[in-house]
Amino acid sequence: MPDVNFHKAKLDEILDAYSEHLFIQGICLFYIGVHAIDYILAYKFNIKDIPTHRGRKKKILELFDEKTAEYFSQLLTYSLAIRYNEISSEEIVYKMKKSLQNLVEHLNENYNFPPDLKKKIIEKNS
């Protein structure tokens with residue numbers, strides 16, 4: 001897993017790719033959550049290599065609190081739904097936005113997620 005600067009740059013890249021298309025929004029919302037988690041893993045826990053979502057979920061359960069795991073699990077569930085089982089809808093994207101907002105606010109309050117990144121993410125998803 002790359003360093004904090006990579007995850008910051010990746011978050012900016014994903015936010016720039018965000019569009020009005022519901023499927024693209026859903027994918028972007030999920031990967032914003034992934035890189036927000038990875039940012040904290042690299043910054044706070046100095047974890048360098050997690051190649052899979054299963055590995056990331058394991059580290060979340062080991063290192064984070066229940067709320068973080070819950071918000072990430074919600075994002076993953078919704079992401080899997082729009083990628084494989086459902087047609088993207090405003091309802092599912094709204095749920096993803098809410099889960100991501102909760103996750104980012106929680107990371108900011110409990111794990112020192114950067115306020116400037118939090119603000120960018122929240123503004124993009126308002």
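1. Tyrosine 39 is buried, with a relative accessible area of 6%; buried stands for under 20% relative accessible area, exposed for over 50%, and partly exposed for the range in between, with a 1.4 Å probe and protein chains only. Tyrosine 43 has a relative accessible area of 45% and is partly exposed. Tyrosine 39 and tyrosine 43 both lie in helix α2 (residues 22-43), and because they are 4 residues apart, about one helical turn separates them.

2. This is a predicted model, in which local features need pLDDT of at least 70 and side-chain atom pairs count only at pLDDT 80 or more, while totals for chains, interfaces and linings use all residues. Residues are numbered from 1 along each chain as its sequence is written, and side-chain values use heavy atoms, with hydrogens and water left out.

3. The protein chain has 6 helices and 0 strands, in the order α-α-α-α-α-α along the sequence. Helices (H or I, at least four residues) and strands (E, at least two) are DSSP runs, numbered from the N terminus. The radius of gyration of the protein chain is 13 Å, close to the 14 Å that the globule rule gives for 126 residues, so the chain is as compact as a globular protein of that length. That radius is taken over C-alpha atoms, and the globule rule is 2.2 Å times the number of residues to the power 0.38. Along the principal axes, the C-alpha atoms fill a box of roughly 35 × 25 × 25 Å.

4. Of the 126 residues, 44% count as buried. The protein chain exposes about 6800 Å², with 50% of that area supplied by carbon and sulfur atoms; the areas come from the Shrake-Rupley method with a 1.4 Å probe, and for residues only the protein chains shown count as cover. Among contacts with a separation of 6 or more, 63% are between residues 24 or more positions apart, a contact being heavy atoms within 4.5 Å.

5. Threonine 68 sits in helix α4 (residues 66-85). Threonine 68 is buried, at a relative accessible area of 0%. Leaving aside residues up to four places away in sequence, threonine 68 touches Ile37, Ile60, Leu103, His106, Leu107 and Tyr111.

6. Rings of Phe, Tyr and Trp (its six-membered ring) pair if their centres lie within 6.5 Å; planes under 30 degrees apart count as stacked, over 60 as edge-to-face and the rest as tilted. The count by this rule is 6 aromatic pairs. The rings of phenylalanine 30 and tyrosine 31 have centres 4.9 Å apart and planes at 75°, so this pair is edge-to-face. Phenylalanine 30 is buried, with a relative accessible area of 0%, and tyrosine 31 is partly exposed at 29% relative accessibility. For tyrosine 39 and tyrosine 43, the ring centres are 5.9 Å apart and the planes are at 25°, so that pair is stacked. Ring pairs also link Phe30, Tyr31 and Phe72 into a cluster.

7. Two asparagines deserve a look. Asparagine 46 has a phi near 55°, a positive value in a residue other than glycine. Asparagine 46 is in the loop between α2 and α3 (53-63) and counts as exposed, at 52% relative accessibility. Asparagine 112, in the loop between α5 (90-111) and α6 (115-124), has a phi near 65°, again a positive value in a residue other than glycine.
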